[in-house]
Every structure is written in C-alpha cells, then in structure tokens.
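These are my notebook entries on a structure I looked up. I begin with a term that the later entries rely on.

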Amino acid sequence: MILIVAGVSGTGKSTIGKMLAETLDLPFYDADDFHPEANVQKMQSGQPLNDQDRQPWLEILANELSTWEKQGGAVLACSALKAAYRETLATQCHNKVEWIILHGSKALLSERLAARKGHFFEPKLLDSQLSTLELPIDAHVVDVQSPPNVIVESIITRLEIA
C-alpha cells in the first residue's frame with residue numbers, strides 16, 4: 001500500500017504521515033528530504049518553485065514510490081498540489097495510490113507556520129501554495145482543525161483498513 005499525505009505547508013503532512021505509518025506499520029518518508037539543494041535555496045529565499053523546478057524532484061519520488069511499493073508499501077508526506085504532480089508521482093506504481101489531502105483555513109495554516117521553527121519553507125509562500133492547490137475528487141480530503149489522533153482515526157476509517 002502506498003499512501004501519500006498531501007497538502008500545502010502547515011497542514012501537518014509530516015505529523016499525520018508519521019502517525020499513519022506507525023499505525024499501519026509502514027515506513028515513513030518526507031518528500032522534502034528529496035529536494036535538490038537548488039530548490040531548498042530557492043524556497044528559503046522566498047521564491048516559489050515552478051513546474052520546471054519540481055519535475056526532477058517528482059520523478060525521483062516516482063522512482064522511490066515504485067521501490068517502496070515493491071518492498072511492501074510506505075507513507076509519503078508530499079505537497080503534491082497539482083493534479084499533474086500527483087499523476088507524475090503515481091506513474092510507476094502498479095497498484096492504486098491512496099491520496100490523503102490535508103486541508104485547512106488560511107488563518108489556521110498561517111498560525112501554524114508562524115510557530116514553526118527550523119524549517120526551510122518561507123511562510124510568505126503560503127498564498128502561492130494555496131492558489132496552486134487543485135483539490136482532487138478521487139482523494140480523501142481531511143480538514144486539519146481536529147487534533148492529529150482524531151485526523152488519523154478518521155483517515156483509517158475512510159480507508160477501511162482498521
């Protein structure tokens with residue numbers, strides 16, 4: 001099983017992804033760890049990534065997802081804001097990828113980003129991410145206002161794997 005926990009920065013992708021992975025006994029990976037240094041530097045300087053910046057990163061992740069699928073599955077935290085990005089990510093998987101899209105109000109996300117320390121994402125890029133986000137119809141869209149354990153329980157119930 002491949003689960004991708006997606007959404008804009010501040011939605012709790014890593015927190016929820018780690019908790020899901022632990023609950024499902026799957027390895028957890030964070031897509032941010034696979035960004036080329038040039039992408040990290042660009043985001044740190046407050047510049048949003050464009051599709052050209054993202055494409056090599058998405059292809060690396062697609063390869064990794066294929067490997068993880070063959071090894072029994074994984075949970076990946078990844079922004080995956082556009083349908084085209086999600087399509088690229090799933091290209092090398094043989095089974096259906098389960099998409100969990102975390103979503104929240106701009107006010108809540110801004111508050112979370114302001115409180116976050118030691119992350120390379122520049123909080124002023126939130127508007128860019130929100131305007132880029134394409135909510136899919138074939139995914140589990142989950143509001144992030146609830147506590148993480150409630151969100152994870154909701155996702156497990158939706159996936160019918162409890």
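Entry 1, term and model. I call a residue buried when its relative accessible area is under 20%, and exposed when that value is over 50%. The model is predicted.

I located L109 in helix α5, which covers residues 106–115.

I set aside the neighbours within four places in sequence and listed what L109 is in contact with: V8, S9, G10, T11, G104, L126, L130 and V144. For V144 I also looked up the separation: its C-alpha atom lies 9.2 Å from that of L109, and the two residues are 35 apart along the chain.

Entry 4, strand β4. I next turned to strand β4, residues 97–103, where 6 of the 7 residues are buried, so the strand is largely enclosed by the rest of the structure. Which strands pair with β4? I found that strand β1, residues 2–6, runs parallel to β4 and is joined to it by 5 bridges. In that pairing, V5 has I100 of β4 as its bridge partner. Strand β5, residues 140–143, also pairs with β4 in the parallel sense, over 4 bridges. Here the bridge partner of H103 is D143 in β5.

I noted an average pLDDT of 89 for the protein chain, with 92% of the residues scoring at least 70. Among its elements, α5 has the lowest mean pLDDT, 80, whereas strand β3, residues 74–77, has the highest, 98.

Notes
Residues numbered from 1 in each chain as written. Predicted model: local features only at pLDDT ≥ 70, side-chain atom pairs only at ≥ 80, totals over all residues. Heavy atoms only, no water. Buried < 20%, exposed > 50% of the residue type's maximum accessible area, 1.4 Å probe, protein only. Helix = DSSP H or I, 4+ residues; strand = E, 2+ residues; numbered from the N terminus. Pairing = 2+ DSSP bridges. Contact = heavy atoms within 4.5 Å. pLDDT = per-residue confidence, 0-100.
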